[in-house]
Amino acid sequence: MKDLIHHILDAAKLKKVDYADIRVVRRQNEEIEVKKGKVVALTGDEDFGFGIRVLSQGAWGFACGSRVTKTEMEAVLKNALKIARASSKVRGKEIQFHRASPVVDHYRTPLSIDPFRVSTEAKLDLLLKADGIIRRNGKVKISEAFMGSYKIEKTFASTEGSYIDQEIVECGAGISATAIEGGEVQVRSYPNSFRGNFATKGYEWIEGLGLAGQAERVAGEAEQLLSAKPCPSKVTTLILDGSQLALQIHESIGHPIELDRILGTEASYAGTSFLNPGMVGQFRYGSEWVNIVADATFPGGLGTFGYDDEGIKAQRVPILSRGILTNLLTSRETAHHLKKESNGTMRADGWNRIPLIRMTNINAEPGEWALEQMIGETEEGLFLNTNRSWSIDDKRINFQFGTEIGWEIKNGKLGEMVKNPTYTGITPQFWNSCDAIANRDHWQMWGTPNCGKGEPGQVAHVGHGAAPARFRNVQVGVMK
Amino acid sequence: MLEREACLRLLKRLVQNSPADQTEALLMTEDSALTRFAGSVIHQHVAEKNQTLILRVVLGKRIAVVTTNLLQIPSLKKSLQKAMALARVQQPNEEFISLPEPKPIPEIHTYSRAIESLTPNKRVKMIKSLLSRARGAGTRASGAFSNGQVEVAIVNSLGIEAYQKYSDLFFHLIVEDERGSGYAGFVTRDPDRFDPDVLAREALAKVSKGESIQIEPGEYEVILEPYAVSELLSFMSYLGFHALAVQEERSFFCNQFGKKMVDPRITIYDDGLDPEGLQIPFDFEGLPKKKVVFLEEGVAKGVTYDSLTAGREGKGSTGHGLLPPNTEGPIPINLFMRGGESSLGEMVRSVRKGIYVTRFHYTNVVEPMKAVITGMTRDGTFLIEEGEIKSPIKNLRFTESILRALSRVSAISRERRVCSEGTVYSRRFVTGTVAPAIKVDGFNFSGVSAL
């Protein structure tokens, strides 16, 4: 493979490209889905191919193929060059793609138990056991359990002389209970909605989730929600649990700080951002309690890797420091807008996609409060857990979220359960209303395996470290 | 492209060599390109060739699915062995009856050779002319232009042998100036039907109508363009128009069949064979597409089935199986809403004070059984006063039950268009919804953009 890769990069150099890189990627997935006691999906996927990106005549070209042979690589390079040549006829300002020192290295996700070496029977047992406990609750009409294991082996090499091998292993699992009665549908999930929680760790992560131990509670809460009172409509104090705060970070901080969005290259699809590069270093995004880092090095985070898909080493970068915007997510092409070099966030969803700026682990640093203290200090409000719905505008400023469950807070104590909770806000106003973040005892990493962006569509796996946090004067109960 | 004979030969050999009780082999090939532009320059231009084989094997009632893009003989053998190994440890699914038996598939043309002439240079030339129009109008343009060829071939051990070759082209365009933005989209199987000038005119008509004003959230009369209507239909399709949602008691259709649910003007159906849409002759189980009416003159009528959900009720599949292993249900992908008697102009003139919506953005479900969704307006939202479009307004957030909105429809346009987001995650298979514009007498906006 190494000879083949060097051959094609030499061929690109002979064509006098300004820059070229190749990624050869093999992906292996195994997913198991249990529903109502039946294994409704037991799947194994394998996918292998390569993509070549060239910068030539002042424009980018990308082509890819699934037959990893010399002939096919040569044909794909030819196509990428043809595409770049065509695109150069509608180019803008000169592309300022900063040079990077050549890197020869390898990276492997540290893990104890390779999830692909665990027997399918053991995985089925774990899921069926948890599912069986959920089904003991007569009000639960749909019980579900999911487990996924993912392995990405990729080689990145460039005309600058970099050659980087990486093996990234991810896995995760989750359960959910859907109670249905009289036209009412209520869902509870563990450890997170939309299939669970995911990490770049081995099977020890799945074993540690303790799905079966949470199944009865999850089912019980789904049942209780059927008769819970509706979320009130008012402006109040809101405490979000860590998993919901993770998605709040994702949608209203993670996406707006992507510099490619800010520069408009996602305008026709995912949208842009309310930020601009001139706001870095000045803009008060949130209150002084809000400290956000982009940390691609955090052990186990779903957005953790060795090098990005432009050959830049994974980094830990402050984004919000005491509420002030201090940096953005950048690439080798965009970083000059901040007079900086790339902070290593370019990732592609496989061999057949180009790298885009993607979140790594966008973490909210823990605060000083114990959760009990935070609730205890709150006279009146709502405590909302586990995302159910999300929506945000194309500039990432007007958002609305729904969660699976909520509890009223009255006089510093959790009160009655509420169903169908929703809240809405304006991004900087909301983050500036944050007056407490829970401490490290309540902080954990949440993996988001379904972050969509780009055309053709790309799904990124990203992470968010978060603890519960409190926000004042938030509109809740946005329902028709 | 492998073409019919090679695809079917490969799949038949695989199925014949399978030791499973039943085997289904599905092959999708893709040869596509996509060009994106923003700020009136091309910033991304990509091409892809790939093929995906999905093997579904059945041992008794134990089912496993393996997917690969490695089609060399040793890899295929390995995939088959892997599928068998997974099936052996699988739990039996007592509800599974059988893979489907063959049924006659209608012959329709879904491929235009003209797609092959869209070289990188030609795509760039078309974009260049469109960008120059946008610049001439004092606007910046962003968007994507994509064309592709896709083959779908399915063979199973009960005799199904289906093959279809598709061409597709989609283009979406946003033009913007300092005051606002406008959108236009186009999708077709026949590139000769694409006229960039028409697309540019449509998007440009939405900008330069003055400064955006902010209006208070609340309930307003609305005119929803087909792009916005197609989004509502897609959510209905996902939430309630298919058998799995009904069988799991999570569809808004539960206990409503035969009852009036929305305004009698509303008829919504799925028809893979209607040439006004993006035709698909058979589903991903190789069964012919049947027309299914969901709402007929406001009354709940039926839902779509694949072979598993049909088997549960002792019925036949309606030809709505999706790629295995599909655990989401036989979600319809060829939606239509019947057109009405009005023109768009007449509908606007009938509004005393209301809002004109071109499209929605980032829509999501709030309450599934009531079909309550939320999202933002985008790229062409206007205030209508006394029957005239007055001025652009800042984008609004809506939170509304689709069923409630469709109960308040007071006019539907005669003219319909095929709407498609175009972009697809993972495997390319472009689908479209044929929708008219509608007038809703009360539609709830729950918030306003701060920008």
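In chain B, β4(B) and strand β5 (residues 161-176) run antiparallel and are joined by 16 bridges. Two strands pair if DSSP finds at least two bridges between them, and strands are DSSP runs of E of at least two residues, numbered from the N terminus. This is a predicted model, in which local features need pLDDT of at least 70, side-chain atom pairs count only at pLDDT 80 or more, and totals for chains, interfaces and linings use all residues. Residues are numbered from 1 along each chain as its sequence is written, and chains are lettered from A in the order in which they are written.

**Exercise 1.** Decide whether N352(A) is buried or exposed, and list its contacts.

*Solution.* First place N352(A) in the loop between β14 (346-347) and β15 (356-357) of chain A. A residue is buried if 20 or more other C-beta atoms, placed from the backbone, lie within 10 Å of its own, and exposed if 12 or fewer do; N352(A) is buried because it has 28 within 10 Å. Leaving aside neighbours within four places in sequence, N352(A) is in contact (C-beta atoms within 7 Å) with G49(A), G51(A), C64(A), E48(B) and N50(B).

Terms used
Helix = DSSP H or I, 4+ residues; strand = E, 2+ residues; numbered from the N terminus. Contact = placed C-beta atoms within 7 Å.
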